[in-house]
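Please read them with the structure open.

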Amino acid sequence: MASPADLPCIEIFIPRAWKDYEFLDSGNGRKLERYGAYTFIRPAPQAAWEPALPEGAWNEAHGVFQPSHEESGGRWQFKRPLTTTEWTMTYGGLKFQAQAAASRHMGVFPEQASHWDWIGEKLRVANRPAQVLNLFGYTGLATLAAAQAGARVTHVDASKKAIQVARQNQALSGLSERPVRWIVDDALKFVRREERRQVRYEGLILDPPKFGRGPKGEVWEFFELMPRLMQACQAILSDNPLFIVITAYAIQASALSLYHALKETMAPFGGETACGELALQEKSAGRVLSLAITARWSR
């Protein structure tokens, strides 16, 4: 049996460098946030406390997302008009489009900025050519953080629309000349093809959903397919990999699940594995809201 000193430590990863985004307050199962010039109220079931700001501050929000009984379902109600349906935000040297999408998402997950900083640091410190694969890449900010740090990046997502937005973000960020491959494909199928092609990567970024479909109707179910994906990913790593980062939202598991899966996958390479939660700290009362679980491996 492992001693307490040998057990993994659950870390809290909170980005500190945001200027265009603020986590203003939370409570009663909701969160109040600023994205650029606009403020929004979105569901946050884990905010099981009372808001710290007065009701008047919440009433000033431009939009409120009203969830339905269906998972991720619902609609926006706008109390104050937005002057545009899309607007540009920045983080570090990255620029990207934000919008109040029908799925309640805003085109960016602010808590993931912790990963962007970490990925960039690992690549810059390594100071050598690196190929990075971003699976389930969404609107591409992790991809662009890696490209900005000098990596050649392959970005894979099942949604053509998401990749179109990611390419727009690449242009906005002034990174159009950086080597990024944009691929519409099923993640597991793509990784297995890369293995047959003997393509190898120094860095892997994975943000798998709980459930999803590939471009040809392939079904993704996290608990069934994640072990297969991890095994396939091990086969496409170079002999001297730099990092892997995994993030998971809305699954009934702890960060320890990702930790052990990643640690076993990377056992042949040594290195260090860490795990924890991606979180944001509110401006009002300093409370920390956990939004996703994560695990990281690096040299």
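1. A nonpolar core here is a set of buried Ala, Val, Leu, Ile, Met, Phe, Trp, Tyr and Cys residues joined through side-chain atoms within 4.5 Å, where buried means under 20% relative accessible area with a 1.4 Å probe, protein chains only. The largest such core holds 47 residues, and W18, W116, I119 and L123 touch the most other members. Helix α3 (residues 141–148; a DSSP run of H or I, at least four residues) gives the most to this core, namely six residues.

2. This is a predicted model, in which local features need pLDDT of at least 70 and side-chain atom pairs count only at pLDDT 80 or more, while totals for chains, interfaces and linings use all residues. Residues are numbered from 1 along each chain as its sequence is written, and side-chain values use heavy atoms, without hydrogens and water.

3. Leaving aside residues up to four places away in sequence, L123 touches A130, V132, A146, A149, A151, L242 and F243 (heavy atoms within 4.5 Å). Another core, of 36 residues, lies apart from the largest one, and A232, I236, A248 and F269 are among its members.

4. Strands β4 (residues 38–43) and β5 (residues 63–67) run parallel and are joined by two bridges, the pairing criterion being at least two DSSP bridges. F40 stands opposite G63 in β5. Between β5 and strand β6 (residues 74–78), which run antiparallel, there are five bridges, and V64 stands opposite Q77 in β6.

5. Helices α6 (residues 222–235) and α7 (residues 255–265) pack with their axes 10 Å apart, at an angle of about 25°. The contact involves F222, M230 and Q234 of α6 with L258, A261, L262, E264 and T265 of α7.

Methods:
Buried means under 20% relative accessible area, exposed over 50%, partly exposed in between (1.4 Å probe, protein chains only). Axes are lines fitted to C-alpha atoms, for helices over the stretch in contact, and angles run from 0 to 180 degrees between N-to-C directions.
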